[in-house]
Amino acid sequence: MTRPFRFIAPMPRWQGSRAQWRDSIRRIEDLGFSTLSISDHLTAGWVMDPMTALTAAAEMTSRIRLLTLVLANDFRHPVVLHKAFATLDVLSEGRVEIGLGAGWMPSDYESAGIPFDSPGVRLARLEESVAVITGLFGEQPVDFDGTHYHLRGMEGLPKPVQQPQPPIMLGGGGRRALELAGRVADIVGVHAQLSDSGPGSEAAADLRADRIAEKVEWVNSALQQAGRGEPGPELQHTVYLVEVTDSPGGARRSVSTFSQALAADEAAMADSPSVLVGSVDACVEKLVELRERFGFSYFSLGGDVEMVAPIVARLSGE
């Protein structure tokens with residue numbers, strides 16, 4: 001099944017002016033982006049609380065969907081997460097997408113005094129959290145006995161507008177994370193595997209086309225083994241190095257944490273799905289090719305929304 005293109009724009013940075021922030025969000029909606037996303041960190045200059053910011057954005061908009069890309073599961077209990085997302089789905093009239101991750105930035109954990117467990121433990125906790133949240137979106141009270149979470153007769157309220165629940169997005173770059181996503185997620189983000197040191201040469205190499213193809217195969221194998229039928233989850237990918245040479249921004253390069261490492265990797269620059277450089281026509285053609293080759297239809301094209309707006313206008317919904 002070929003899904004229509006959707007495009008994610010990141011939440012505008014807070015510059016101290018509510019009016020400026022509101023106008024930037026409304027501009028993103030007017031440009032035709034399908035989704036507004038926000039990340040979740042406690043350090044490294046991150047300012048805004050994701051759920052509070054998305055709730056405010058819901059009141060400022062009427063159409064755009066609201067995505068956490070992604071919440072670190074270890075920062076919040078899944079019962080609390082469920083109630084926050086269910087409430088936001090009601091207040092936004094059914095525009096929520098739930099992006100969850102296992103957490104990866106050591107400074108977040110160290111500064112907050114949260115134990116930074118092994119990747120296996122964090123992923124196991126994430127898997128239980130998804131099961132709890134999914135259960136709470138159901139009609140019946142939830143009993144749950146896991147290694148990390150225990151519930152007794154917990155009723156999930158309020159009931160969401162989206163039925164049976166808002167879509168859940170999981171992903172990552174490692175095999176175990178992507179297999180989990182393939183088994184249970186509605187949207188799967190396929191990305192680089194990050195070490196504790198963050199984006200670098202190893203992460204850039206992990207974004208080459210052959211690596212991405214392997215990751216997509218992990219997802220497909222897991223969903224088949226889980227007995228999931230068609231159409232399967234929507235596949236999402238982030239393009240970290242973007243330069244649209246004939247856009248209104250004119251040869252302006254969108255900067256990201258990955259862009260420098262990607263630019264230094266000739267092999268990645270040559271074929272990575274995470275690199276988009278050229279005219280609007282060339283960029284449109286490459287995105288269509290990426291959908292055909294890997295199944296990606298849901299894209300984040302970086303923070304320069306004006307530069308990529310012509311691409312969004314051409315492909316959204318196609």
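A crossing of two helices counts as left-handed if the near helix is turned anticlockwise from the far one by less than a right angle, and as right-handed if it is turned clockwise. Keep in mind that this is a predicted model.

With that in hand, look at helix α6, residues 175-184, and helix α8, residues 209-225. Seen this way, α6 makes a right-handed crossing over α8. Their axes sit 7 Å apart and the packing angle is about 45°. Angles from 65 to 115 degrees would count as roughly perpendicular and those under 35 as roughly parallel, so α6 is oblique to α8. On the α6 side, the contact uses R175, L178, E179, G182 and R183, and these meet K215, W218, V219, A222 and L223 of α8. Those contact residues come out as five nonpolar, four charged and one polar. The spacing makes sense, because an α-helix has 3.6 residues a turn and residues three or four places apart point the same way.

R18, W21, R22, I25 and R26 of α1 touch A53, A56, A57 and M60 of α2. Sorted by type, that contact has six nonpolar residues, three charged and no polar ones.

Stay with α2 for a moment, which covers residues 50-60. Its buried residues are P50, M51, A53, L54, A57, A58 and M60. What covers them includes α1 and α3 (78-91), along with the strands β2 (35-38), β3 (65-68) and β4 (71-72).

One last stop: E128, in helix α5, residues 119-136. Is this glutamate buried or exposed? Its relative accessibility is 12%, so E128 counts as buried, the cut-off being under 20%. Which residues does E128 touch, leaving aside neighbours within four places in sequence? They are F144, G146, T147, H148 and Y149. A polar atom of the E128 side chain lies 2.9 Å from the backbone nitrogen of H148.

Notes. Residues are numbered from 1 along each chain as its sequence is written. This is a predicted model: local features need pLDDT of at least 70, side-chain atom pairs count only at pLDDT 80 or more; totals for chains, interfaces and linings use all residues. Side-chain values use heavy atoms; hydrogens and water are left out. Axes are lines fitted to C-alpha atoms, for helices over the stretch in contact, and angles run from 0 to 180 degrees between N-to-C directions. Helices (H or I, at least four residues) and strands (E, at least two) are DSSP runs, numbered from the N terminus. Angles under 35 degrees count as roughly parallel, over 145 as roughly antiparallel, 65 to 115 as roughly perpendicular and the rest as oblique. Contact means heavy atoms within 4.5 Å. Ala, Val, Leu, Ile, Met, Phe, Trp, Tyr, Cys and Pro count as nonpolar, Asp, Glu, Lys and Arg as charged, and the others, Gly among them, as polar. Buried means under 20% relative accessible area, exposed over 50%, partly exposed in between (1.4 Å probe, protein chains only). A polar contact is a pair of N or O atoms within 3.5 Å; within protein, one must be able to donate a hydrogen and the other to accept it, and residues adjacent in sequence count only if both atoms are side-chain atoms.
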